[in-house]
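Here are some exercises with worked solutions. Have a look at the structure first, then try each task before reading on.

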Amino acid sequence: MRRTRDILAPLILVALVLIGWEAAVHLFSIQAYVLPAPTRIAQVLVSDGRRIIFPQLGITLFEILSGYALAIAVAFVLSVLIVYSNAFRRGVLPLIVASQTIPVIAIAPVLVIWFGYNSIPRIIITAIVAFFPLTVAVVTGLQAVDPLQLAFFRTLKATPVQVFFKLRFPIALPNIFAGLKVAATLAVVGATISEWVGASSGLGYLIAQDTQQLNTARVFAGLVVLGVCGMTLFGIVSLVQRLCMPWAYARPRFRRQKERIPVPQNAAVSLPSAAAGTGS
Amino acid sequence: MIDARLHISGLHCSFRGTDGDRIEAIRDIDLSLRPNEFVSIIGPSGCGKSTLFNAIAGLLHPDTGTILLDGRDIVGQPGHVAYMMQRDLLLDWRTVLQNVTLGPELAGAPLKEARAHARMLLKRFNLEGFEDAYPSMLSGGMRQRAALLRTILCERPVILLDEPFGALDALTRASLHEWLLGIQREFRRTMILITHDPEEAVFLSDRVYVSTPRPMRIAGVVDIDLPRDRTHEVKLSPEFAEHERQVLALLRSEMPPEAVDSGVRLQ
């Protein structure tokens, strides 16, 4: 019951927005290059989908996934260094933070000069956009260990490697997955904007081209495809989380019984409101 | 004492406070336990009892003093005694079976044998049928029993129990007391219990050490002269009441007088 309602509610909302949008475009005779109607966007998706949009999507998808993978690898290495090395944390962490204030789009041309007109600079840009929130999440997770737990592992003579894999890492998993979800959507954004500079293919490039040519309907069609991409990636990460953390979804078998104050027979008559209150 | 399992003498512990001064936590403690004895340490909260356990467990270095386990010096060396801390510290992501075999697993013992051994003991710990449950599915009493099974399976001769039943309700606690005594006799472990509860201390122990407020010293020792096979009915006997009275009198003598007069409870 609740699940169907969870799915139905956003669908109804989207449907209402689309109907309002469609009506507004026709009612106020808005030009298609300013704001195309949803039906027009759907038409373009069908007519240009297989021929133009999806081949470009394949290129962008490759950049998204490669950049995401690179971001994950970099984030984990950095996080372990930050957690275990005071020198690294003091020396390098401020530089990483500072690097986040530089707009990626500004360093994109430099990367193209270094690596050429291929997917490598775009994968790097995708990774740059996605790695930082993931690193913050992983560091937070790895540091979330209870000092009492660490002391307990010391009494068991656990090695540092055992402490990492059997204590710190499992404790960090909820934070890690939160970071992975944020990074998944950022990877889609990163790959798209990476194609705005020094690229001649990809969905981001197509959107940039269509914007210049006022082919606004296809711009929207491209955005819809990217949105679905991001949501799918997010969903896959959520699914992996469910598989990796079964304990977080386990239902308590012995839940503490709700405290119930016994109401004497005669008191129940004089206090009908209190008796009704315990039932809820 | 030559036949002592655990022998502590002249133990002093202090640590640096937040303002840089040295805070004396433990002053000149002597303790001696024979094999398979059950001994309690009772005292006001914050008196340094946990510091004493941390020193025995090798987690902190005392200023002076010796700690001998079967005649061997274990000062500053973790891993010689099993330590059950105030919270059960079960790992949420592991099932009951995976939790209780943590000790052998970290020691590199063959997992299959450890699991088989644990499965055999689950029934004795009233956890049968819960081997694949996660700790979040268990009640407070079940969690403590799982934590104790994990401690037993560490296979150490001495077990330190730091207020293991503090967070449980009175009924659950009372039922666990009798059961714990049975476990202690059956598995032949030497146990030291930290507690705030005189009744718990008298019921479980062969001997009760009463400690002073910080810095912690031993104010007195009460030998519990009750049969070793005890049931909860022993609590109604005059001997039990007399032992409890002795413990309380020692505790009171070490409390600041105004605290006693105003009826401040020993927590």
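## Exercise 1: Two domains in chain B

The C-alpha centres of domain 1 of chain B and domain 2 of chain B are 26 Å apart. This is a predicted model, where local features need pLDDT of at least 70, side-chain atom pairs count only at pLDDT 80 or more, and totals for chains, interfaces and linings use all residues. Residues are numbered from 1 along each chain as its sequence is written, while chains are lettered from A and ligands numbered from 1 in the order in which they are written.

Task: find which residues make up the two domains of chain B, and how many residues of each are in contact with the other.

Solution, step by step:

1. Domain 1 of chain B covers 1-81 + 159-267, and domain 2 covers 88-155; such bounds come from an automatic or database domain assignment.
2. Now count the contacts: 9 residues of domain 1 of chain B meet 6 residues of domain 2 of chain B. Two residues are in contact if their C-beta atoms, placed from the backbone, lie within 7 Å.
3. On the domain 1 side, helix 6 (residues 170-187) of chain B gives the largest share, 4 residues. Helices (H or I, at least four residues) and strands (E, at least two) are DSSP runs, numbered from the N terminus.
4. Sorted by class, that side of domain 1 has 8 nonpolar, 1 polar and no charged residues. Here Ala, Val, Leu, Ile, Met, Phe, Trp, Tyr, Cys and Pro count as nonpolar, Asp, Glu, Lys and Arg as charged, and the others, Gly among them, as polar.

## Exercise 2: Strand 3 and its partners

Task: work out why strand 3 of chain B is largely enclosed, and which strands it pairs with.

Solution, step by step:

1. Strand 3 (residues 38-42) of chain B has 5 of its 5 residues buried, so the rest of the structure largely encloses it. A residue is buried if 20 or more other C-beta atoms lie within 10 Å of its own, exposed if 12 or fewer, and partly exposed in between, with C-beta atoms placed from the backbone.
2. One partner is strand 8 (residues 190-195) of chain B, paired in the parallel sense over 5 bridges. Two strands pair if DSSP finds at least two bridges between them. Ile42(B) has Thr195(B) as its bridge partner there.
3. Strand 9 (residues 207-211) of chain B also runs parallel to strand 3, joined by 4 bridges. In strand 9, Arg207(B) is the bridge partner of Val39(B).

## Exercise 3: An open sheet

Task: say in what order the strands of the open antiparallel sheet of chain B lie, and which strands stand at the edges.

Solution, step by step:

1. The order is 2-1-4-5, with 4 strands in antiparallel pairing.
2. The edges are strand 2 (22-33) and strand 5 (72-73) of chain B; each has a single partner strand, so one side of each lacks a neighbour in the sheet.
3. Strand 5 is joined to strand 4 (residues 64-69) of chain B by 2 bridges. Leu69(B) has Arg72(B) as its bridge partner in strand 5.

## Exercise 4: A bent helix in chain A

Task: compare the span of helix 7 of chain A with that of a straight helix, then find where the kink lies.

Solution, step by step:

1. Start with the whole chain: chain A has 11 helices and 0 strands, and of its 280 residues 31% count as buried.
2. Helix 7 (residues 160-194) has 35 residues, for which a straight helix would span 51 Å at 1.5 Å a residue. The expected span is 1.5 Å times one less than the number of residues.
3. Between its end C-alpha atoms, helix 7 spans only 40 Å.
4. A kink of about 50 degrees lies at Leu173(A), shortly before the proline Pro174(A). The bend at a residue is the angle between axes fitted to the seven residues ending there and the seven starting there.
5. Ile193(A) also sits in helix 7. Ile193(A) has 19 other C-beta atoms within 10 Å, so this residue is partly exposed.
6. Leaving out residues up to four places away in sequence, Ile193(A) touches Ile105(A) and Gly204(A).
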